[in-house]
Amino acid sequence: MKFCSFLALLAFATCSFAADKSKPAKPKVAEAPAAPSPWGDFVEKDFPFFSSVLDAREVGEGFPKDNLTPRGIILNLGHNLWACFDTDLLRIACIWEGEEGKPPVTPDALAPGSYHVAGQKTKDGQDFLPKPVGKVWLANGIYPGWQVGEKPSFTDPRAATPSPEEVGRGPVSYARFESVDRPGAAAADKKIRQACPLKMKIATTDIQEEVRMLPVRFSHPEGDWAIVRKVEVAPHKDSLIWILGTTQEKQHAVSITKDDKGATINQKKLTVMVTQNCAWIRLAPSSEPVTIVCSVDMPAGSLHGATTTDEEVPQWAAILTTAGTLSTKPDAYVNDEIPLPLDNPWKRNVRLADISFFNDKGDAAGVTFDGDVWLISGLKGDLDKVTWKRFASGLHEPMSIVVRGSDILVFDRNGIWKLVDTNGDKECDRYEMFCNLFAQTAETREFPNSMKLGPKGELYISKGGQEGTTFGKHNGTVIKIAADGKSMEVIGYGLRQPFIGVNPKTGLVTASDQQGNYVPSTPLHIISDHHFYGHLPTIAPKEKYPETITEPLTWLPHPVNPSGVTQTWLIGAKMGPVNDELIHIGYNRPELFRVLMNSHFEKPQAAVVSFNRNFDFPTLNAVVNPADGQLYVAGFQVWGTVVKKISGLARVRYTDKPRVLIKEVTPTDKGLLLKFNATLDPKLATDPDSYNGERWNYKRTFEYGSPHLKPDGSSGQEWMTASSAYLSKDGMSVLVGFPDMKAGVHQMRIGWGLKSADGLKAENTAYFSPWELMTFDAKKEGFDENLKVDLTPRKAAAVAMVKATAEEGERLYQMFGCMACHSTDGTLVGKVGPSWKGLYGSEREIAKGQKGKFKADEAYLRESILSPSAKVVKGFEKFDTGMPIYNGILNDGQIESLILYIKSLK
């Protein structure tokens, strides 16, 4: 097809622009880390683009004051020159020349700010955002870069958010950003960087734009280089407006020359104008494709002698290999370590956030928080040869990846990308925008938290909901994306920092949330029907809820699960007794929890029990590998976590060894029905002192978190003493009789210290919210049909004295829920009590009770167990989740066992 080519050279020399005497805002650059970092620069100088928020609201006189880009692709033009393309408004937001030795934007974002200093946070709101570093040459305000019509509009045509000043409103309705291509070959002239074609659709018209630096050939002789923008426009029935931008020059001349073949331009087809200090071009309707090239001259000598460092393709030819380490522990479920490719030619940090599998051959794709995607092979068998091939880069703080058929889909702040390898070299060269219909603000906490695949090819995403400056459209929501990416539906809102899971068979959507304002503890929700889940931004009127709050499937105590993240169904797994169950992931203290869904009630309930705590890296996502049916877990460190390792990948492997697991916890009018996967030791199972329980409520307010409140409203937890315990006929179920069972209590805990009939340990604690109580039917549940449950209230009887051992102390640590508040590895984050590791014999500074310093000897430990408030250690006096008083509950042998266990934790 023959193209009509037009060359519009904007030498900018005759039209007057209004002057603004304000000085350019000096970018704020984060200080260098105290210790040398093993990693290269976050922004790699040889990669053609990266994604970022860009705050250009204060870049100097003569430029728009509202120039903020929540979704920006920063194009590397070479010669330390950069251009930000706004994928929502399809505009060049800013072009600037960087400063030597500095990054192109300030690292005021979570990924670049924590890249060298793990754990470094960002402030919430929109006051501290990435800004261009250097001299800005051209900019645009908040208006579309492409428009349909005869005259340009310099206003935002998109529907306003709840805060009219918020610019993160999503894409314009009449246009769509489609893709950005990574250049497929190095330029012939090594001083010229290959451009990244940006493709978009305006109404029904396809447009491709390229931005690059070229030596001046047509403009005035004082300049050395020019910013050259080239667009190719398909045939179009309507007039189109292309807005070029504003510069700081007081005088601008707009001239039209001949096209590249020497023919005179038909000026009826092309009009160049300047309105409100902004240059723009009108394209008349055309039945043929049109090519337009325009240039903006740089000041003389500004880039003199500069060179680029373009690489020949493929960019990342190296294939790296790591070897897994198989666990030798004699447990039913063990963790195999899979090292990351940290020793790589690019000195690239690998903060792995998520993986997804292509097939049943052990091939997967993994995404890092720093915007890279890796192709991984060898995830099966002995893991003796795991290969890593770098596939893509430049994404914006992604934390989830989905492989759907052969498609690789990644969710980042820009939207959902489809990553395409067009030439088969195992590197992404086309980044297609699969869906960006939902809005994205520049709020530092509106993270792209998670994305999961539904059973019919649809996608579900969850977005961060903390708002510190404005109200956005979709902050704190869970959204369903149609399988073709062309429509979306909000299915839940009012969430603070939700992370989701989706049942691959039924499509059931679950989500956790983070404790904070209006979120009293860690919830686990079922998300559906556009329900409201209770969180309000701190900038909203206090406790003015838009509708009735949908309570969670269950609450979890914050000390037990300080930071809940994603969920994964073990559908199709080969993991023995936990197959098809729901796994919930803890981040702050890396842990996997089993979620025991309960279908006995009209309102769904579930109980949550710890499953695996043996991780040395923060856990964020998990997925079943179809090659071996085992669970692969990935995560990275950036928020608060008790582990020191920055990132990791592990396989949770089932060894076929037996493990006694609880399978159901059902609150009934007679107590708690517990079902196990093994026959239980009848002596322990029928002893009511093998069980203990507590219950309490939370209070949802503007305040951060919530105290624990007894059902009568007083502070603390209510201790529950079992009246009786009965074993089912098959020996696998127990009814623990508790008097005065109450429906609607927010939180209940049941702990047990049992053994199977063949002597295997069965010790754990379950947490649940008994929204309703089931009427206990002895016959239906497999008990003696003449069973009469003894619910006579009693004090905890002194149990038979047994020999005190550290092993018995460990059993009690589990059964009584001590692990919720006291770690055994020295960690304190997420705990409301001192760690037991190294406690014995140490000196304790007391802040509440008998102030002063005391040695943690046996007398001190005994007193702390029997009367916890007698000596409260400094640093823990302000916690509201007080320790229960165990005086009269534990006998001397049990107390001695706990002390022996604490003494063993050196």
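Is Glu543 buried, partly exposed or exposed, and what is its relative accessible area? In this predicted model, local features are described only where pLDDT is at least 70 and side-chain atom pairs only at pLDDT 80 or more, whereas totals for chains, interfaces and linings use all residues. Residues are numbered from 1 along each chain as its sequence is written, and side-chain values use heavy atoms, with hydrogens and water left out.

Glu543 is partly exposed, because its relative accessible area is 41%, and the cut-offs place buried residues under 20%, exposed residues over 50% and partly exposed residues in between, with a 1.4 Å probe and protein chains only. The residue is found in the loop between strand E36 (531-532) and strand E37 (554-556), where helices (H or I, at least four residues) and strands (E, at least two) are DSSP runs numbered from the N terminus. Although Glu543 is not a glycine, its phi is positive, at about 55°. Most residues other than glycine have a negative phi. A positive phi is also found in Asp740, a residue other than glycine, with a value near 60°. Asp740 belongs to the loop between strand E50 (733-737) and strand E51 (747-755), and it counts as exposed because its relative accessibility is 51%.

For the chain as a whole, 61% of the 906 residues count as buried, and the secondary structure comprises 5 helices and 55 strands. When contacts (heavy atoms within 4.5 Å) between residues at least 6 apart in sequence are considered, 66% of them join residues at least 24 apart.

Leu244, in strand E13 (residues 240-245), counts as buried because its relative accessibility is 2%, and its C-alpha atom is separated by 7.9 Å from that of Asn140, 104 residues apart along the chain. Arg749 lies in strand E51 and is likewise buried, with a relative accessibility of 2%; its C-alpha atom and that of Phe768, 19 residues apart along the chain, are separated by 6.6 Å. Ala766, in strand E52, is buried with a relative accessible area of 0%. Leaving aside neighbours within four places in sequence, Ala766 is in contact with residues including Val608, Val665, Arg749 and Trp752, and its C-alpha atom is separated by 9.5 Å from that of Leu596, 170 residues apart along the chain. Pro834 lies in a loop, between H3 and strand E53 (843-849), and counts as buried because its relative accessible area is 15%. Pro834 and Lys874 are 40 residues apart in sequence and 9.6 Å apart in space, C-alpha to C-alpha.

The cysteines were examined for disulfides, defined as pairs of cysteine sulfur atoms within 2.5 Å. A disulfide is a covalent bond between the sulfur atoms of two cysteines. By this rule the count comes to 0 disulfides. Cys278 is buried because its relative accessibility is 1%, and Cys428 is buried because its relative accessibility is 0%.

Empty space was examined next. Rolling a probe the size of a water molecule over the atoms shows where empty space is left. On a 1 Å grid over the protein atoms alone, a pocket is an open set of points with protein on both sides within 12 Å along at least five of seven lines, and lining residues have an atom within 4 Å of a point. The largest pocket has a volume of about 1400 Å³, the volume being the space filled by probe spheres set on the points, which are joined across faces, edges and corners. Its lining consists of 49 residues, of which Phe611, Arg613, Asn614, Arg659 and Gln814 lie nearest the centre of the pocket. At least two lining residues each are supplied by strand E40 (591-598), strand E41 (605-612), strand E52 (761-768) and helix H3 (806-815), and the largest share, 6 residues, comes from E52. The lining divides into 25 nonpolar, 10 polar and 14 charged residues, where Ala, Val, Leu, Ile, Met, Phe, Trp, Tyr, Cys and Pro count as nonpolar, Asp, Glu, Lys and Arg as charged, and the others, Gly among them, as polar.

Methods
On a 1 Å grid over the protein atoms alone, a cavity is a set of points where a 1.4 Å probe fits but cannot get out, and a pocket is an open set with protein on both sides within 12 Å along at least five of seven lines; lining residues have an atom within 4 Å of a point.
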